[in-house]
Amino acid sequence: MIEYNAGNIYFKYEESKKPDPSVFKMHIHDRCEIFYLVRGDIEYLVEGSKYPLYENTVMIMRPAEAHTPKILSRRFNG
């Protein structure tokens, strides 16, 4: 995991070869979140709406939007 925090900008890169679905809980941030999915397919739940994400797609959430990813498949190539 790589993290960078400079006040208004926070960056975190993390790769999970075998993600554990129980780790992903509904949450909010005080800043925008940009989520980039490298591999697999997930459904992102944002404020009650569902958005399918597939390999090489991006999801952007505004500050204070409740969101969580739901893993749809175990197709993660290491």
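## Burial and surface

In this predicted model, 24% of the 78 residues of the protein chain count as buried. A residue is called buried when its relative accessible area is under 20%. The chain exposes about 5900 Å², and carbon and sulfur atoms supply 55% of that area.

The charged side chains comprise 11 positive and 11 negative ones. The centres of these two sets lie 5 Å apart.

## Overall fold

The protein chain contains 7 strands and 0 helices. Its pattern along the sequence is therefore written β-β-β-β-β-β-β. The radius of gyration is 13 Å, close to the 12 Å given by the globule rule for 78 residues, so the chain is as compact as a globular protein of that length.

Along the principal axes, the C-alpha trace spans about 35 × 30 × 25 Å. When contacts between residues at least 6 apart in sequence are considered, 50% join residues at least 24 apart.

## The nonpolar core

Which residues make up the largest nonpolar core? This core has 8 residues, namely L37, I42, Y44, V46, L53, M59, M61 and I71. Strand 4 (42–46) and strand 6 (57–61) each supply at least two of its residues. Strand 4 gives the most, with 3 residues.

L37, a member of this core, illustrates how the chain is brought together. Leaving aside residues up to four places away in sequence, L37 touches I42, L53, Y54, E55, N56 and T57. Among these partners, I42 and L53 also belong to the core.

Technical notes
Residues numbered from 1 in each chain as written. Predicted model: local features only at pLDDT ≥ 70, side-chain atom pairs only at ≥ 80, totals over all residues. Heavy atoms only, no water. Helix = DSSP H or I, 4+ residues; strand = E, 2+ residues; numbered from the N terminus. Rg over C-alpha atoms; globule rule 2.2 N^0.38 Å. Buried < 20%, exposed > 50% of the residue type's maximum accessible area, 1.4 Å probe, protein only. Contact = heavy atoms within 4.5 Å. Areas by Shrake-Rupley, 256 points an atom, 1.4 Å probe, with all protein chains shown as cover. Lys, Arg positive; Asp, Glu negative; His and termini not counted. Charge placed at Lys NZ, Arg CZ, Asp CG, Glu CD. Core = buried A, V, L, I, M, F, W, Y, C linked by side-chain atoms within 4.5 Å.
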